[in-house]
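Open the structure in your viewer and get ready to select residues. This tour goes stop by stop.

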Amino acid sequence: MFRSPAAALLRRLAPRLSGGTAGSASSARRTLPPHLAPSVLARFSSTPTSSPPPSSSAGERDDEAEDHELPGAARLSISVDRSGLCSPPEHSHEPSSDSELIKHLKSIIKFRSGPISVAEYMEEVLTNPQSGYYMNRDVFGESGDFITSPEVSQMFGELIGVWAMCLWEQMGQPEKVNLIELGPGRGTLLADLLRGSAKFVNFTKALNIYLVECSPTLQKVQYNTLRCEDEHDGDEKRTVSKLCGAPVYWHASLEQVPSGLPTIIVAHEFFDALPIHQFQKGSRGWSEKMVDLAEDSSFRFVLSPQPTASLIFLSKRCQWASSEQLEKVEQIEVCPKAMEITEQIADRISSDGGGALIIDYGKNGIVSDSLQAIRKHKFVHILDEPGSADLSAYVDFTAIKHSAEEVSDDISVHGPMTQSQLLGSLGINFRVEALMQNCDEKQAESLRTGYWRLVGDGEAPFWEGPDDQTPIGMGTRYLAMAIVNKKQGSPVPFSPGWRRRSPFE
């Protein structure tokens with residue numbers, strides 16, 4: 001039997017499919033996935049809610065200078081012979097086919113007379129203020145380059161809301177709490193969380209919402225998704241989400257978010273986009289993998305001939321691994337930025353109370369060679385047209401765990417468990433059954449597809465549509481980890497007494 005407090009919260013979630021967030025629909029079949037148990041799910045009620053300058057060249061000629069004529073003197077002429085001087089090739093003003101970002105990357109490499117790290121390349125490609133991948137476009141969804149769990153189904157955000165409310169209750173239901181999302185994308189997860197928790201007035205009234213987002217374009221998208229409006233109180237102006245009435249603030253980094261209140265942090269597919277360093281084992285030990293320019297001015301990977309400063313992070317990561325683990329790998333990826341942000345999260349939770357939920361695709365161990373580029377839902381080469389594809393890498397959950405635990409004895413780290421286990425334990429089966437009671441055929445098919453993508457593993461066995469549209473489950477690829485203040489005990493559903501449920505039991 002599904003246990004409280006999550007069960008009690010699920011019963012009161014908004015009973016309808018929310019518009020446009022249930023996932024992509026295809027040929028309609030109003031049947032539950034074969035693994036659902038209708039007899040159990042039926043116990044829960046609800047309903048689905050200036051032009052380039054012209055080129056110029058001067059022909060070679062002798063310069064001649066004449067003096068002023070003097071009375072009674074012969075005319076004097078002086079010649080300068082330039083035939084022995086080096087004549088540089090004419091400068092071409094033809095426009096380059098390189099993008100501004102590519103020109104910028106090449107200029108960095110040329111200025112340093114040497115390669116840059118994979119981490120620096122990744123950071124420039126994704127978050128360069130002028131032309132970074134995330135900075136000036138909406139890259140999510142079917143029309144973008146990739147789809148995240150919140151875009152698949154409203155159920156994801158709703159169940160993360162159940163987790164957040166359970167944590168809030170464990171904290172003693174404080175009157176004010178900071179709800180922080182790192183890398184909110186379009187704001188879909190948070191919007192579904194707020195809609196789902198709308199009936200829990202004491203919870204929504206307690207919220208101060210902070211979005212950590214560096215992209216001005218995505219900030220505007222989030223503003224609209226959360227149905228924000230600006231309110232004026234005298235000379236003061238604040239932004240409020242009409243989904244729950246809570247104030248909303250944007251910051252470029254977690255450090256900028258005010259502290260001092262109990263905190264709930266959600267980081268979904270945030271850590272995978274942080275820049276990584278790559279190291280390769282060779283005859284002379286570990287060398288850092290770098291990005292350089294080839295003779296034809298294209299980008300290429302090289303190994304640093306000299307030790308680099310980032311080897312200190314490799315050394316730290318190796319301390320968290322056994323000698324047997326290190327002997328098995330030829331490459332290691334390390335993310336110093338993930339370690340740093342994890343330390344900030346742990347320090348904030350230690351002092352202010354609360355907890356954080358981190359969900360991402362990754363491994364609970366050493367990550368070797370996972371960096372990938374995705375454009376229009378297809379994998380492309382990492383160095384191909386920088387700035388036109390998303391770059392991401394597997395998250396090292398072991399490194400996150402150790403980074404947090406080294407900050408303070410007042411925090412505890414739980415997990416990781418699979419996304420399938422997390423959502424199954426939080427009640428996704430009950431939720432999909434409730435939504436199925438009040439939807440049409442198209443919505444039902446969308447729910448089934450979204451359900452499988454969230455908790456399934458591999459290709460959906462029930463799919464009868466086109467092969468190239470077969471839903472692929474993310475349930476085991478994605479992992480979930482919680483960091484909480486020890487005073488609150490173990491969080492749902494990581495506590496020892498809480499049974500980890502697969503949705504297919």
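Start with the rings: this predicted model holds nine aromatic pairs. Select Tyr361 and Tyr394 to see one of them. Their ring centres are 5.0 Å apart and their planes meet at 85 degrees, so the pair is edge-to-face; the cut-off for that class is over 60.

Now look at where the two residues sit. Tyr361 belongs to strand 14 (residues 354-363). Tyr394 is in the loop between strand 17 and strand 18 (395-396). The pair links distant parts of the chain, 33 residues apart.

Tyr394 has a relative accessible area of 28% and is partly exposed.

Tyr361, Tyr394 and Tyr478 make up one aromatic cluster. Arg477 lies over the face of Tyr361, 5.4 Å from the ring centre.

For another charge over a ring, select Lys106 and Phe299. The charged end of Lys106 sits over the Phe299 ring, 6.0 Å from the centre.

Next stop: a sheet. Select strand 15 (residues 372-375), strand 16 (378-380) and strand 17 (390-392). The three strands form an open sheet in the order 16-15-17, with antiparallel pairing. Strands 16 and 17 are the edge strands, and each pairs on one side only. From one strand to the next, the twist averages 40 degrees.

Zoom in on strands 15 and 16. They pair in the antiparallel sense over three bridges. Pick Ala373, and across from this residue you will find Val380 in strand 16.

Methods: Residues numbered from 1 in each chain as written. Predicted model: local features only at pLDDT ≥ 70, side-chain atom pairs only at ≥ 80, totals over all residues. Heavy atoms only, no water. Pairing = 2+ DSSP bridges. Helix = DSSP H or I, 4+ residues; strand = E, 2+ residues; numbered from the N terminus. Axes fitted to C-alpha atoms, helices over the stretch in contact; angles between N-to-C directions. Phe/Tyr/Trp six-rings, centres within 6.5 Å; stacked < 30°, edge-to-face > 60°. Buried < 20%, exposed > 50% of the residue type's maximum accessible area, 1.4 Å probe, protein only. Lys NZ or Arg CZ within 6 Å of the ring centre and 35° of its normal.
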